[in-house]
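Please walk me through this protein model, beginning with a charged residue in a loop and ending with the salt bridges.

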Amino acid sequence: MKKVATTHARTDIAVIGMSCRFPGADHHEQFWLNLKQGKNSIAEITPDRWSLEEYYSPKFEQANKSVSKWCGLVEGVERFDHQFFNISPREANNMDPQQRLLLEETWHCVEDAGVALRELQAGNTAVYMGVMAADYRQEASAPHLETDSYAALGGYE
């Protein structure tokens, strides 16, 4: 029997930049402060999101109603600077807000790293993120809306 020598190469990594946007926190410093202070960023849903009268009921048996009126809202998704990312106004208007946030927060992460973008691009660099939900896609494909060739672009499967 032949014995094979194995070696485990060590690969060092460094987290050099971070960014996030959560309810009640537009950046990671505020998010960390909220955690330390035990801040609850869940609030009653606002009328600009949906009507409590139309969609909410505390009675489980009531049809077509939500039994919850609470949510965590990420603010500022309408402030997306499409020109900065070289995206047309029409395309930006049809983008899922999560895609807009992803672009913005990825750029904030690069800024937080304090390393020139060209240097990051030349190295072995990765950006990791978490995204979920398809509620915007459901809204964008509602039967009463006119179909647009830019509608529902992105990571939908």
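**A loop residue and its surroundings**

Glu 78 lies in the loop between β2 (70–71) and α3 (89–94), where helices (H or I, at least four residues) and strands (E, at least two) are DSSP runs numbered from the N terminus. The model is a predicted one, in which local features need pLDDT of at least 70 and side-chain atom pairs count only at pLDDT 80 or more, while totals for chains, interfaces and linings use all residues. Residues are numbered from 1 along each chain as its sequence is written, and side-chain values use heavy atoms, with hydrogens and water left out.

Glu 78 counts as exposed because its relative accessibility is 62%; exposed means over 50% relative accessible area, buried under 20%, and partly exposed in between, with a 1.4 Å probe and protein chains only. Together with Asp 26, Asp 48 and Glu 75, Glu 78 forms a patch of negative charge on the surface. Such patches are made of residues with over 30% relative accessible area and no salt bridge, like charges being joined within 9 Å and nonpolar side chains (Val, Leu, Ile, Met, Phe, Trp, Tyr) within 5 Å.

In the loop that holds Glu 78, between β2 and α3, there is also Asn 86, which has a positive phi of about 60° although it is not a glycine, and which is exposed at 73% relative accessibility. Asn 64, in the loop between α2 (52–55) and β2, likewise has a positive phi, near 60°, and is exposed with a relative accessible area of 76%.

Across the protein chain there are six helices and two strands, and from the N terminus on these elements run α-β-α-β-α-α-α-α. Buried residues make up 20% of the 157 residues.

The structure holds three salt bridges, each defined as a side-chain nitrogen of Lys or Arg within 4 Å of a carboxyl oxygen of Asp or Glu. In one of them, the side chains of Glu 104 and Arg 21 meet at 2.8 Å, N to O, linking helix α4 (residues 97–113) with the segment before α1 (28–37) across 83 residues. Arg 21 also forms a salt bridge with Glu 105, the closest N and O atoms being 2.8 Å apart; because Arg 21 lies in the segment before α1 and Glu 105 in helix α4, this pair ties together parts 84 residues apart in sequence. Arg 21 is buried at 13% relative accessible area, as are Glu 104 at 11% and Glu 105 at 10%.

Glu 44 and Lys 69 meet in a salt bridge at 3.6 Å, N to O, which links strand β1 (residues 43–44) to the loop between α2 and β2.

Technical notes. Accessible areas come from the Shrake-Rupley method with a 1.4 Å probe; for residues, only the protein chains shown count as cover. Lys and Arg count as positive and Asp and Glu as negative; His and the chain ends are not counted. The place of a charge is taken as NZ of Lys, CZ of Arg, CG of Asp or CD of Glu.
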